[in-house]
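Here is a short report on one protein chain. Keep the sequence and the 3D view open while reading.

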Amino acid sequence: NVLQMNAINSNYTDPNNLKFEEIKILGAVQEITSVTVSQNNVVEKATPTITYNPLEKVAHITGLELELGKSCTVKWTQEPSFNGRFDCYPSPNATQEKCEQLGCLWDPATSNLNVPPCYYSSDNAYSVDKVEYTSSGLTANLTLSSAKTRANENFTTPISTLRLEVKYHLNNMLQFKIYDYQNARYEVPIPLDLPSSPMSTDNERLYEVSVQKKPFGIQVWRKSTGTVIWDSQLPTFTFSDMFIQISTRLASQYIYGFGENEHTMFRRNMSWHSWGMFTRDQPPTYHLNSYGHHPFYMALEEDGNAHGVLFLNSNAMDVTVQPTPALTYRTTGGILDFYMVLGPTPELVVQEYTALIGRPVMPPYWSLGFQLCRYGYRNDSEIAQLVEDMQRARIPHDVQYVDIDHMERQLDFTIGTRFAGLPALINRIKEQGMRFIIILDPSISGNETNYPTFSRGVQDDVFIKWPNTNDIIYSKVWPFLPNVQVNESLPEQTQIQLYGAHAAFPDFFRNSTVAWWKREILEFYNNPTNASRSIKFDGLWIDMNEPAAFMNGAIGGCRNDLLNMPPYIPNLGYRSEGLAFKTPCMEGQQYLPDGTPVRHYDVHSLYGWSQTKPTLE
């Protein structure tokens, strides 16, 4: 860590007073923290400025004034950079023994709890062979080195041979996919708008792709600038039955994402962080377990260009950003399927991304107006009075909602006795030019003696069942049992345990469920047996479709411990409770429209999406 320059001839005097002012050190694996400068054996008092790029491993020392004709010595001190650590034991309760069993390094050398004490020390265990290049992409096999196999629990042993496919779909968009080609695995069943055959040319493509053979890595860079926008030549690549992990270095520290709740831009001086749907005063996580999330981020490169990356995976996952800057994806199943759009402007990134996944639905003009909604309306008279009060006070009021209060005991497609006047009220409000929205929850009570929505659902076989049986999976959500006196002084969870009805969850992927759901909505809207009780709503508010439950799993408990408590559980708010926390059991059997069976474990995060489509239709 020393640069020494000896003047062997010092008789020359430079008339321009030229000096060496900066030095770049290439291949600096560790961060440079201090620099001392001596000239003719005299230590300089000036303190040079140090910048370090961990992505390129380049240190830049500026502010030097090394005079020609003098013997100079520049010494620098390097210290280990915690920013470059990739977590080798992301599960709780890491120990030195568990860490070293994975062949990783153990060094809890910092008080920062977000810096992993167990981290990768070498290259990943896969190498590449049989690379085949074409004008529209490349394919290759990834082979596991048994000497570097890392596993500490069942179902985390890496798969021995994988397939890599890279497709140059468009000049501004590519895909790379890594999967187990010898065994069929679940893949996200959502179609994307891709060309039937690649439509890019070598001259016009905005990107280049290279594959590092040993150890495996893939790089994508922007042709016009040489900026590397994806670099997974890192030791963290793992692909097993129930745990998949891949990391990439990022082109910049300006990142926008993920999902509906996360629009945070991470910038300079990024700290260790897991993206999340929970509060920021706790370490949050990015976990696909809410109304709607897109595993997508947009990055703003240092020169102002922008690109976007979609990870097409619906299994439980978390995504961690670290200050390198780098990003690590961890998911409990599926495959690795990434789509990159090259922009190069943020506006074009959004256009290219929505062209891929589908444009947003154009909202009706009235939905942009002033809307009023709350839980807890006691009866339809209270709503009628509210509308009058808003008009009298001249407060803009375009749309009125009702929550589950309007239902008979929170049963979908029913009208409670206290809201018997709701149909007439809705008609009167609409005559004044206003709009009305009602709520619908997906769970359907199975304890009623005369509830056509449930009985028709059983007849049409629409509900999620236990695998290899004809038994519906029941949990507890809103409806309480019929003909019971609820003791409302008891704690909420006690009330649910004592009085909660058996709630069934429709499988909205199934064609029979789609047809049943549409019929129930239309019948509620039209009420062919009693038109005076038809509900002429203008919009539907679909809620609780994570899907949410008020207990963990199912009545009687879940049956597959492995699926509900997999070897790796993403960094959830209630990690110790497993994946079935306040939602149905992961082994629930569902069926895609073509009849393909899928586990709720794989499609849990698509539940709200699968309900939205038939509701809109």
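## Arginine 330

In this predicted model, the side chain of arginine 330 makes a polar contact with the side chain of glutamine 245, at 2.6 Å. Arginine 330 sits in strand β25, which covers residues 326–331. Is arginine 330 buried or exposed? Its relative accessibility is 6%, so arginine 330 counts as buried, the cut-off being under 20%.

Arginine 330 touches residues from several parts of the sequence. Leaving aside residues up to four places away, its contacts include Asp87, Pro90, Phe243, Ile244, Met317 and Tyr568. Gln245, the polar partner, is also on that contact list. Isoleucine 569 lies 239 residues from arginine 330 in sequence, yet their C-alpha atoms are 9.4 Å apart.

## Glutamine 322

Glutamine 322 belongs to strand β24, residues 317–322. Its relative accessible area is 2%, so glutamine 322 is buried. What does its side chain reach? The side chain of glutamine 322 reaches the backbone oxygen of arginine 85, at 2.9 Å.

## The chain as a whole

The chain has 617 residues, and 49% of them are buried. It contains 10 helices and 35 strands. Its C-alpha trace spans about 110 × 60 × 55 Å along the principal axes. Take the contacts with a separation of 6 or more: residues 24 or more positions apart account for 66% of them.

Threonine 13 shows another setting. It lies in the loop between β1 (2–5) and β2 (19–26). With a relative accessible area of 67%, threonine 13 is exposed. Its C-alpha atom is 94 Å from that of threonine 469, a residue 456 positions away along the chain.

In soluble globular proteins, nonpolar side chains tend to be buried together. Here the largest nonpolar core has 47 residues. Which of its members touch the most others? They are Leu422, Phe463 and Ile535. Helices α3 (380–392), α4 (422–431), α6 (492–499) and α7 (511–526) each supply at least two residues of this core, and so do strands β29 (435–440) and β32 (503–504).

Leucine 422 touches Asp380, Val402, His406, Phe436 and Ile535, not counting residues up to four places away in sequence. A second, separate core holds 43 residues, among them Leu138, Leu174, Val209 and Leu342.

## Helix pairs

Two packed helices are described by the angle between their axes and the distance between the axes. Start with α3 and α4. Their axes come within 10 Å and cross at roughly 15 degrees. Helix α3 is therefore roughly parallel to α4, as angles under 35 degrees count that way. The crossing of α3 and α4 is left-handed. On the α3 side, Asp380, Ile383, Ala384 and Val387 take part; on the α4 side they meet Leu422, Leu425, Arg428 and Ile429.

Helices α5 (residues 452–460) and α7 have axes 10 Å apart, at an angle of about 155 degrees. Why are they called roughly antiparallel? Their angle is about 155 degrees, and α5 and α7 are therefore roughly antiparallel because angles over 145 count as such. Their crossing is right-handed. Thr453, Arg456, Gly457 and Asp460 of α5 meet Ser512, Trp516, Arg519, Glu520 and Glu523 of α7.

How values were computed: Residues are numbered from 1 along each chain as its sequence is written. This is a predicted model: local features need pLDDT of at least 70, side-chain atom pairs count only at pLDDT 80 or more; totals for chains, interfaces and linings use all residues. Side-chain values use heavy atoms; hydrogens and water are left out. A nonpolar core is a set of buried Ala, Val, Leu, Ile, Met, Phe, Trp, Tyr and Cys residues joined through side-chain atoms within 4.5 Å. Buried means under 20% relative accessible area, exposed over 50%, partly exposed in between (1.4 Å probe, protein chains only). Helices (H or I, at least four residues) and strands (E, at least two) are DSSP runs, numbered from the N terminus. Contact means heavy atoms within 4.5 Å. A polar contact is a pair of N or O atoms within 3.5 Å; within protein, one must be able to donate a hydrogen and the other to accept it, and residues adjacent in sequence count only if both atoms are side-chain atoms. Axes are lines fitted to C-alpha atoms, for helices over the stretch in contact, and angles run from 0 to 180 degrees between N-to-C directions. Angles under 35 degrees count as roughly parallel, over 145 as roughly antiparallel, 65 to 115 as roughly perpendicular and the rest as oblique. A crossing is left-handed if the near helix is turned anticlockwise from the far one by less than a right angle, and right-handed if clockwise.
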